[in-house]
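Here are my notes after a look through the model you sent over.

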Amino acid sequence: PLSTITTAITRALSLRKGSIASRYTKLYTAFLLSATMHAFGGMIAAHRDVGNFRFLILQPFAITAEDIVIAIARKLGFRGGRLARAVGYLWVVAWLTWGLRYWAAGKIAVGSYRLPGVVPYSFAAWFGIRNGPDGRRVD
């Protein structure tokens with residue numbers, strides 16, 4: 001698993017277990033490795049970029065942004081609760097709504113979601129996704 005690799009890397013770098021440097025090194029390394037593996041899988045399956053790398057490599061940046069907002073909120077005296085949980089869910093929905101376009105557009109571009117006779121319309125087109133990650137039209 002990726003955790004074994006990321007732990008080995010933080011140890012090789014002599015990062016203290018539980019430190020911020022260790023945590024973020026593990027986070028970014030895990031997503032870099034995962035993004036790379038998924039990108040190769042997509043290239044093998046579709047013979048072109050299907051958006052896997054771009055989508056996955058953005059995830060640790062979103063997690064870091066969320067951590068920064070939480071730290072600032074705590075310093076300002078905000079504590080958890082229903083409002084914090086609701087804001088967290090809204091953040092996840094907003095992030096995925098924005099970020100999934102990279103992942104979905106690539107799959108749509110190579111025909112992964114074409115189900116002739118089963119789905120007579122395109123949800124992607126309904127949501128305005130018309131171009132794959134390489135810029136080609138998908139509808």
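At what angle do α3 and helix α4 pack, and how far apart are their axes? Before the answer, some bookkeeping: this is a predicted model, where local features need pLDDT of at least 70 and side-chain atom pairs count only at pLDDT 80 or more, while totals for chains, interfaces and linings use all residues. Residues are numbered from 1 along each chain as its sequence is written, and side-chain values use heavy atoms, with hydrogens and water left out.

1. The α3/α4 pair. α3 and helix α4 (residues 82–109) pack at about 165°, with axes 8 Å apart. Helices here are DSSP runs of H or I, at least four residues, and strands are runs of E, at least two, numbered from the N terminus. Axes are lines fitted to C-alpha atoms, for helices over the stretch in contact, with angles running from 0 to 180 degrees between N-to-C directions. α3 is therefore roughly antiparallel to α4 (under 35 degrees is roughly parallel, over 145 roughly antiparallel, 65 to 115 roughly perpendicular, and the rest oblique).

2. On the α3 side the contact (heavy atoms within 4.5 Å) includes Phe55, Leu58 and Glu66, and on the α4 side it includes Trp91, Trp95, Trp98 and Trp103. By class, the α3/α4 contact has 10 nonpolar, three polar and three charged residues. Ala, Val, Leu, Ile, Met, Phe, Trp, Tyr, Cys and Pro count as nonpolar, Asp, Glu, Lys and Arg as charged, and the others, Gly among them, as polar.

3. The α2/α3 pair. The axes of α2 and α3 come within 7 Å and cross at roughly 160°, which makes α2 roughly antiparallel to α3. This crossing is right-handed. Among the residues that meet are Tyr24, Phe31 and His38 in α2, and Phe53, Pro60 and Phe61 in α3. The α2/α3 contact divides into 13 nonpolar, seven polar and two charged residues.

4. The salt bridge. There is one in the structure (a side-chain nitrogen of Lys or Arg within 4 Å of a carboxyl oxygen of Asp or Glu). Aspartate 67 and arginine 23 form it, at 3.0 Å, N to O. Aspartate 67 is in helix α3 (residues 52–75) and arginine 23 in helix α2, 44 residues apart.

5. The α1/α2 pair. Helix α1 (residues 2–12) and helix α2 (residues 20–46) pack at about 135°, axes 9 Å apart, so they are oblique to each other. α1 passes α2 in a right-handed crossing. Leu2, Ile5 and Ile9 are among the α1 residues in the contact, and Leu33 and Met37 among those of α2.

6. The record. UniProt (unreviewed entry) lists residues 27–47, 53–74, 86–104 and 110–129 as "transmembrane region"; positions follow the numbering used here, feature names are shortened, and annotations may be inferred rather than shown by experiment. In the model, residues 27–47 are 95% helix, with end C-alpha atoms 29 Å apart. Residues 53–74 are 100% helix, with end C-alpha atoms 33 Å apart.

Technical notes: A crossing is left-handed if the near helix is turned anticlockwise from the far one by less than a right angle, and right-handed if clockwise.
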